[in-house]
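Reader: Please take one part of this model and go through it closely, with the cut-offs behind each term. Which neighbours does that part have, and how is it covered?

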Amino acid sequence: MQKRILSIYVNLQDRELNLPRYLNDVKFIISICPSSIMGGKFPDRDVKKVKNILKRNYGLLGQRGYFGRCKYNHNDGTDPWHENFCLHNEPIGLEDQLEFITKGREVLAKTFGIEPLIYAPINHLYDENTLAAIQILKYRFMMDQNNVGKELRPYERHGVIIIPEAPIEKNGTLESLAIYTHLDTLYYPEIAEYIKKFKYTVPVGIMPEEIPEKILRINEIKKRIRKLERDERKLKGFAG
Ligand SMILES: [Zn+2]
């Protein structure tokens, strides 16, 4: 069976980095939002744990945006957790994106002593300016959300390898070479069982494939529908 790629997204504001034992010998991408570890919010012992994951397991460090939150206000209740691309406002310019992505990279490099090779846009929302910035800053990989399935495999754009990853879901996960979940779900039995089913590798040395443009378009449309439907639910439920 082909090895899979696993990303674990860390949100450290209110919890410690408490990884389950079944991940001990697993190679994975650990993606961290720089602003969540700034200003001493990330204890030294967790910095050490991350360094160990990167060294001992040959894991890879992913940069999950910088600030985490959209620069436009979302006072209407729509989801504010994105920063490279907003579904409801003007695009964010290349200069701005270069600036905050660089700031975030510096935070991670200073904290963990290693530069991230992977950029993971918050909520998997990005645009052409993000791709241009990632290329200029020489990241090797960027994560996207896989909403299509196994035919959507890693492909190349402007010298960057895009890795489509499907969320691991309690009630059925889309078949995908790359999958992801958040730190706080790792102890859910359904999520743990799903992760244990596969062997894992990290994307270093991965060969991008030719993916038909139509599949990429369908994936982008499905992704936006998913996010817009969430916003619709939030708008309806919002008391303001
Ligand atoms: Zn926004």
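Author: Valine 10 stands opposite isoleucine 32 in strand 2. The model is predicted, so local features need pLDDT of at least 70 and side-chain atom pairs count only at pLDDT 80 or more, while totals for chains, interfaces and linings use all residues. Residues are numbered from 1 along each chain as its sequence is written. Strands (E, at least two residues) and helices (H or I, at least four) are DSSP runs, numbered from the N terminus.

Strand 1 covers residues 5-10. Four bridges join strand 1 to strand 2 (residues 29-32), and the two run parallel; strands pair if DSSP finds at least two bridges between them. Strand 8 (residues 178-182) also runs parallel to strand 1, joined by five bridges. There, threonine 181 is the bridge partner of isoleucine 8.

The largest nonpolar core has 46 residues, and Ile30, Ile118 and Met142 have the most contacts inside it. Strand 1 supplies the largest share of this core, five residues. Such a core is a set of buried Ala, Val, Leu, Ile, Met, Phe, Trp, Tyr and Cys residues joined through C-beta atoms within 7 Å.

Terms used:
A residue is buried if 20 or more other C-beta atoms lie within 10 Å of its own, exposed if 12 or fewer, and partly exposed in between; C-beta atoms are placed from the backbone.
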